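Colleague: Could you take me through one part of this model in close detail? I would like to hear about a strand in the middle of things and what surrounds it.

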Amino acid sequence: MPKRRQRRKLSMTPLIDVIFLLLLFFMLSSTFSKFSEVELTSGGAGSAIVANDTPPIFVRMFGDVVRINGQEVPKNTLREVATALITEPRMVLISLDVRTDAQALTDVLVTLRGVKGASVMVLES
């Protein structure tokens, strides 16, 4: 009868080394970007707006198209138009169409956040 070969135990050291090298590779090849937060106020049931004499500015978004008080505004001039309209603290109401994606809304919110006196509220559909 031939002699049976005895199996050696599998060493875990090379496996741990490979896992460590993969971890190191992915950590060094990744880009770490800082995500910023956009403050979002939703106008739902029961939320009240303090009434003042100045009417709110109404922003309607149809996909990538932005209209302020009914007039279409190119995105690159949105800040200038909003700054001209908001000379005192005013409420800015944003209404969204189903075609509007999150990135388009975020771009408009970031732009309007830089306008002094704008209090932005996103309306629920």
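Modeller: Happy to. Keep in mind that this is a predicted model. Let's begin with the pairing of strand β2, residues 57–62, which lies parallel to β5 and is joined to that strand by five bridges. One of the contacts to look for is Met61, whose bridge partner in β5 is Leu96. β5 also pairs with strand β6, residues 118–123, again in the parallel sense and through five bridges. Here Leu93 has Met121 of β6 as its bridge partner. To get from β5 to β6, the chain passes through helix α3, residues 102–113, and this β-α-β crossover is right-handed.

How enclosed does that leave β5? The strand spans residues 90–96, and because six of its seven residues are buried, β5 is largely enclosed by the rest of the structure. For burial I use a cut-off of under 20% relative accessible area.

In soluble globular proteins, nonpolar side chains tend to be buried together. In this model the largest nonpolar core has 18 residues, and those with the most contacts inside it are Val59, Met61, Val92, Ile94 and Val108. At least two residues of this core come from each of β2, β3 (65–68), α2, β5 and α3.

If you are wondering about voids, the count comes to one cavity of 30 Å³ or more. The volume of the largest cavity is about 30 Å³. Its lining consists of Ile57, Val59, Ile68, Ala82, Leu85, Ile86, Val92 and Leu112. Both β2 and α2 (78–85) give two or more residues to that lining. By type, the lining residues of the largest cavity are eight nonpolar, no polar and no charged. Notice that Val59 and Val92 line this cavity and are also among the residues with the most contacts inside the largest nonpolar core.

One last stop is strand β3, where you will find Val66. With a relative accessible area of 1%, Val66 is buried. Between the C-alpha atoms of Val66 and Leu105 the separation is 9.9 Å, although the two residues are 39 apart along the chain.

Note on methods
Residues numbered from 1 in each chain as written. Predicted model: local features only at pLDDT ≥ 70, side-chain atom pairs only at ≥ 80, totals over all residues. Heavy atoms only, no water. Buried < 20%, exposed > 50% of the residue type's maximum accessible area, 1.4 Å probe, protein only. Helix = DSSP H or I, 4+ residues; strand = E, 2+ residues; numbered from the N terminus. Pairing = 2+ DSSP bridges. Right-handed = clockwise from strand over helix to strand, strands pointing away. 1 Å grid on protein atoms, 1.4 Å probe; cavity = no way out; pocket = protein on both sides within 12 Å on 5 of 7 lines; lining within 4 Å. Points joined across faces, edges and corners; volume = space filled by probe spheres on them. Nonpolar A, V, L, I, M, F, W, Y, C, P; charged D, E, K, R; others polar. Core = buried A, V, L, I, M, F, W, Y, C linked by side-chain atoms within 4.5 Å.
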